[in-house]
Amino acid sequence: GNILNSKKGAFGAGADRFEDKLTSLKSFGTKYLSGNISGDLIVWIGTSIAKKSKKAMFTKPIDAIFTTTDFAFVGDRNGNVIILNDQLQRLHGFNITAEKEILQSMDIGINAFFYEEGRLIIGTRGNEVYEYSFSIENG
């Protein structure tokens, strides 16, 4: 079944399938969020899968997840960012290339997030750091 059992870095019933390899993991209240190489967001309660996105959230691996008490920030290797509320409902999404002037030669994959009081800091695989200022309403 969908149990958290390790098999060479892969987890769950499909541990033999390359597309189920986990790429990120972060706690979110009583749940855990993980991303996989196929771009799926997986929600865990304990060692069992509670929910897996019906279709991939992204077309590239989810490499970064950052959580606060109320929000989860999820990013992929194409520079896409999705912001979820504590019920895992999508509040906002964007691509960093549409929001900022970024050199096309840079690796725009999202590697890290930090959010505090309206400031979202995003680190990319190309060693660039971008800051976004906005307000989020949890609704």
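Which residue in E12 is the bridge partner of Ala112? In this predicted model, the bridge partner of Ala112 is Gly123 in E12, and this pair belongs to a contact between strand E11 and strand E12 (residues 119–124), which run antiparallel and are joined by six bridges.

**The sheet E11-E12-E13**

E11 and E12 are part of an open sheet of three strands, ordered E11-E12-E13, in which the pairing is antiparallel. Strand E11 (110–116) and strand E13 (129–133) are the edge strands, each of them pairing on one side only. Averaged over this sheet, and with direction ignored, neighbouring strands are turned by 20° against each other.

**The sheet E3-E4-E5-E6**

A further open sheet consists of four strands in the order E3-E4-E5-E6, again with antiparallel pairing. Strand E3 (22–28) and strand E6 (48–52) stand at its edges with a single partner strand each, so one side of each is left without a neighbour in the sheet. From one strand to the next, the twist averages 30°. Within the sheet, strand E4 (residues 31–36) and strand E5 (residues 41–45) run antiparallel and are joined by four bridges, and Tyr32 has Trp44 in E5 as its bridge partner.

Strand E8 (residues 71–76) is largely enclosed by the rest of the structure, because six of its six residues are buried, which here requires a relative accessible area under 20%. Phe71, Phe73 and Gly75 point one way from E8, whereas Ala72, Val74 and Asp76 point the other way, and all of these residues are buried.

E8 pairs in the antiparallel sense with strand E7 (residues 62–67) over five bridges, and with strand E9 (residues 80–85), also in the antiparallel sense, over five bridges. Phe73 takes part on both sides: Phe73 is the bridge partner of Phe66, and Phe73 stands opposite Ile83 in E9. E7 and E8 form a hairpin with three residues between them; E8 and E9 likewise form a hairpin with three residues between them, and in the turn of this second hairpin Gly79 has a positive phi of about 85°.

**Strand pairs described above**

| Strand pair | Sense | Bridges |
|---|---|---|
| E4 and E5 | antiparallel | four bridges |
| E7 and E8 | antiparallel | five bridges |
| E8 and E9 | antiparallel | five bridges |
| E11 and E12 | antiparallel | six bridges |

How values were computed: Residues numbered from 1 in each chain as written. Predicted model: local features only at pLDDT ≥ 70, side-chain atom pairs only at ≥ 80, totals over all residues. Heavy atoms only, no water. Buried < 20%, exposed > 50% of the residue type's maximum accessible area, 1.4 Å probe, protein only. Helix = DSSP H or I, 4+ residues; strand = E, 2+ residues; numbered from the N terminus. Pairing = 2+ DSSP bridges. Axes fitted to C-alpha atoms, helices over the stretch in contact; angles between N-to-C directions.
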